[in-house]
Amino acid sequence: MALRVFIDNVDSYAGKVISKLISNSVPGATLADIDDVSEGSQADYNKNDAKDNTYEVVGTLKEEGNKKPNWVKEIVSDTNQEEMLSALKSCDIAIYNTIEDPTLVDRASWAVSALHAEIESFTRMKTFICISTAMTWARTRPVDLDDPEVPFTEEDYRRRKPHQDYKAEISLEKLVIKLGKTNKDLFATYVINSGMLYGCGESIFHYLFKTAWLNHPFLQCYGNGQNVIPTIHVKDLASIVLSVMDANPRIKYIVAVDDSQSTLEEIVRAVSISLGSGKVRNVTKEEALSDKNIEKADFDKLLVNLRMESTTAKDLNIEWVAETGLVDNIEAVIREYKEERKLFPLRVFVFGPPAVGKSTIVEQLCHHYKLHHVQMSEVIHEAISELERSAARADIENEDEEDDQRAQEDQELLEALQENKEQNSGRYDDQFIVRFFRQKLKSMPCQNQGFILDGYPKLYSQAQELFAAEEEEDDLEENIPEYDASIMPEFIISLDASDDYLKNRVINLPEKEVHGSHNTEEGLIRRLTRHRAENTEDETVLNYFDELEIHPEHFDVSTDESPRSLDTVKAIIKLLGEPRNYGPTAEELEEIKRREEEERELREAQEKIEREENEAREANERVVRQAEWKTRLDEVRKQEKELIDTRSIPLRNYLMKHVMPTLSEGLIECCKCRPDDPVDFLAEFLLQNNPVID
């Protein structure tokens, strides 16, 4: 049966590295040539079981709902203590890492206490490993007051004094060591006191790497930067944990640090030189605390001043990744950082005839991918400006001979450039242009984020010279690569269009875009003729990339009728894939949110206006319809009245001639006689005097 290992927060920064290494390791595999091995170590297990049985990892997740790492066998909920205790009892080894999350101190205290209470039920030895922080040593007095550079070792652990915010951590360390003394045959406990972690994407030093990668003018160094920070690569910490699991060494308190004694300033400068501008600026602690990019806990760790040395770890069988420290291994650590964070440069070359819209499309692509737009005019301007700044130092006395020599060389180059420009009617030779472009593409911003070359190189020969590999002194002729991979574009975009389309496009350009540019009809014809002559089917700069198996992708912009060639941009984005950067910053996200809110409010306001206009229009239409209906109704009534009046004339004539005279006489007689029943009298009178009967 495989040995089971419980690891709290298997998806945390250090938890991922430790759990992955353990899950791929065979118990006892690190025990070769180790003398300091206790009885009951994993060496005994390794002798009796197949070597292909790796450790089986179970554990908790940092946050409920996070995805389980593939190498983890089982996830346990940390909200149910009974379930947690059951999982701990089923495991041979339990590992709690309190470096990254202070809230785990209470969980680790409960776990080691709960396991200790169950010792009587153990059938074989169980091991508890607590990974603690060097901050529990932060206020420890030097070993030798006369020589403060003497480092602390495991032997000094009883003298350690913690930082004021890490008293709970040192209490946990003491508890773990104490409970391991009760029954050493059944319950072994270890405290691995780790230096500040680096590597594999970074944690505490991430703000440094990110700031440098984002091309900030300088990196901040807190205070004077002369404090020594104990450090260790997270993979080396994982190896120490694995070796302790296998060997069960007799020393129970182990310091895990590398051999470096690097100061904060040395670390900051190394990151800045290898990943950023190379510049460092010291800031006060007060200024540092106002920085939103770093938390106070990390700030305290960066200001710790501790010289520590690992003696027990040196006796363990460890394949060190960065034994000499962060500064000495900075290039490898930066590669890890970029790979873990997926921060790979995106390099693109956009080619096409004049006036095809290269710059318009490149601008949109650069905005989308946060890349650097590399175009001829700006490259030359930046290079000349830099040379002028450097050459200006030639007349100033400088103690740095190397800097003074560089200034003299730049002054000479400026003079040569001026002479070359005068001889070539205001243009520079290809050798200078290629030199400027190589400097730009080799610059740290282009190497970090990537770039889009806008229309250059134009010729096959220019491409050969620009992307040629630099020959090293120890390179044999057959070992020289075909090209410089660090600046070679991954994607070649060719924008195609007919001459008629290009001429019509220039003719229809606004006057303000044409004025002072090459985009006049005469200028276009001249440049277009030259472009077609330099790029025939058999001879074109695109052939250079084709020969290197970097095949160009063609896009016909003459069929794109969208504004600013948006459809072509979308097609290119689909080809290039997802961005390879940090994505929007907090400020950019806030700006996006603000813009979306403004657009929403504007949309709602427009909808309200449209709704009110519709209601007003409908009300007006209703009034008009009612007026029209009333007019038609009055007309109908008038016509009906006229019709009734017309139809009633014969009847009225008949009544006036035959009825009204007799009726009038009857009424008169009724008035004269005044009968008791006037109605009956009138009726009788009408019957007697009816002219029709007569």
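1. Two residues count as being in contact here when their heavy atoms come within 4.5 Å. Keep that in mind for Val379, a residue of helix α14 (residues 376-391). Setting aside neighbours within four places in sequence, Val379 is in contact with Val374, Phe436, Phe437 and Lys440. Please remember throughout that this is a predicted model.

2. Is Val379 buried or exposed? With a relative accessible area of 3%, Val379 is buried, because buried means under 20%.

3. Next, have a look at the open sheet. Its five strands come in the order β13-β14-β12-β15-β16, and their pairing is parallel. The edge strands, each pairing on one side only, are β13 (372-374) and β16 (553-556). On average, neighbouring strands of this sheet are turned by 20° against each other, direction ignored.

4. Zoom in on one pair of strands. β12 and β15 (residues 491-496) run parallel and are joined by four bridges. A handy place to start is Phe351, which stands opposite Ser494 in β15. Helix α23 (residues 566-576) lies across β12, β15 and β16, and runs at about 160° to β15.

5. Spanning residues 521-534, α21 has 14 residues and reaches 20 Å from its first C-alpha to its last, close to the 20 Å expected at 1.5 Å a residue. Which residues of α21 are buried? They are Gly523, Leu524, Leu528 and His531. These four cover an arc of only 120° around the axis, so they sit on the same side of α21. The general idea is that an α-helix has 3.6 residues a turn, so residues three or four places apart point the same way.

6. The face turned away from its buried side carries the exposed residues Glu522, Thr529, Arg530 and Ala533. What covers the buried residues of α21 includes β12 (346-351) and α19 (499-507), which brings us back to a strand of the sheet in point 3.

7. Salt bridges are worth a tour too, and the count comes to 26. One of them joins Asp259 and Lys314, with the closest N and O atoms 2.7 Å apart. This pair links distant parts of the chain, 55 residues apart: Asp259 is in the loop between β10 (253-256) and α8 (264-275), whereas Lys314 is in helix α11 (residues 312-315). Asp259 counts as partly exposed at 43% relative accessibility, and Lys314 also counts as partly exposed, at 32%.

8. Other salt bridges lie within a helix. Glu265 and Arg269 meet through their side chains at 3.2 Å, N to O; both lie in helix α8, four residues apart, about one turn of the helix. Arg269 is partly exposed, with a relative accessible area of 32%. Asp645 and Lys641 form another salt bridge, their closest N and O atoms being 3.1 Å apart. Because Asp645 and Lys641 are four residues apart in helix α24 (residues 586-673), about one helical turn separates them. Asp645 counts as partly exposed at 36% relative accessibility, whereas Lys641 counts as exposed at 53%. Finally, salt bridges that share partners join Arg4, Glu56 and Glu74 into one network.

Note on methods: Residues numbered from 1 in each chain as written. Predicted model: local features only at pLDDT ≥ 70, side-chain atom pairs only at ≥ 80, totals over all residues. Heavy atoms only, no water. Helix = DSSP H or I, 4+ residues; strand = E, 2+ residues; numbered from the N terminus. Expected span 1.5 Å × (residues − 1). Buried < 20%, exposed > 50% of the residue type's maximum accessible area, 1.4 Å probe, protein only. Arc of directions from axis to C-beta. Pairing = 2+ DSSP bridges. Axes fitted to C-alpha atoms, helices over the stretch in contact; angles between N-to-C directions. Salt bridge = Lys/Arg side-chain N within 4 Å of Asp/Glu carboxyl O.
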